[in-house]
Amino acid sequence: MPRAILLPPFSVEFFAGRELVEAPGATIFALVRALDGMAPGFAEAAEARAAIAVNGQVVGDWTTRLEPSDEVLFVPKVAGG
């Protein structure tokens, strides 16, 4: 199963401080949906406030395929200019 690495505030808001969560998902969308099943509201927060990287590569397409060994990092988006 892919591993979701959740940085604050996501780890604190939705997973009681856990920063590593394994969940099923063949795509980022499916992984986010599985995480939302564990912590309702996560999907909405991730869509609005998270940048996502798979194995260190930032991705914006939630249909990106995942392998069971992938690490998916959720970090807060940074505003700036």
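**Reading the labels on a predicted model**

Visitor: Why is A16 called exposed?
Guide: The relative accessible area of A16 is 78%, and the scale used here calls a residue buried under 20%, exposed over 50% and partly exposed in between (1.4 Å probe, protein chains only). Since 78% lies over 50%, A16 is exposed. A16 lies in the loop between α1 and β2, where helices (H or I, at least four residues) and strands (E, at least two) are DSSP runs, numbered from the N terminus. The phi angle of A16 is near 50 degrees, a positive value in a residue other than glycine.

Visitor: What kind of model do these values come from?
Guide: This is a predicted model, in which local features need pLDDT of at least 70 and side-chain atom pairs count only at pLDDT 80 or more, while totals for chains, interfaces and linings use all residues. Residues are numbered from 1 along each chain as its sequence is written, and side-chain values use heavy atoms, with hydrogens and water left out.

Visitor: Which side chain makes a polar contact with the side chain of D70?
Guide: That side chain belongs to N55, at 2.6 Å. D70 itself is in the loop between β4 (57–59) and β5.

Visitor: Why does T27 count as buried?
Guide: With 15% relative accessibility, T27 falls on the buried side of the scale, and so it counts as buried. T27 belongs to the loop between β2 (20–22) and α2, and a polar atom of its side chain is 3.0 Å from the backbone nitrogen of A30.

Visitor: How many aromatic pairs does the count come to?
Guide: Rings of Phe, Tyr and Trp (its six-membered ring) pair if their centres lie within 6.5 Å, and planes under 30 degrees apart count as stacked, over 60 as edge-to-face and the rest as tilted. By this rule there are four aromatic pairs. One of them joins F14 and F42, with 5.7 Å centre to centre and 85 degrees between the planes, making it edge-to-face. F14 is in helix α1 and F42 in helix α3, 28 residues apart, and both residues are buried. F15 and F42 form an edge-to-face pair as well, at 5.7 Å and 70 degrees.

Visitor: Why is F42 counted as buried?
Guide: The relative accessibility of F42 is 0%, and therefore F42 counts as buried; F15, at 7%, is buried too. Ring pairs link F10, F14, F15, F42 and F74 into a cluster.

Visitor: Which residues touch the most other members of the largest nonpolar core?
Guide: A nonpolar core is a set of buried Ala, Val, Leu, Ile, Met, Phe, Trp, Tyr and Cys residues joined through side-chain atoms within 4.5 Å. The largest one has 21 residues, and L6, F10, F15, L35, F42 and F74 touch the most other members. Elements giving two or more residues include β1 (3–6), α1 (10–15) and α3 (42–49), while α2 gives the most, with four. In soluble globular proteins, nonpolar side chains tend to be buried together.

Visitor: With which residues is F74 in contact, leaving aside its neighbours within four places in sequence?
Guide: Contact means heavy atoms within 4.5 Å, and the partners of F74 include L6, F10, L35 and F42.

Key: Polar contact = N/O pair within 3.5 Å; in protein donor to acceptor, adjacent residues only side chain to side chain.
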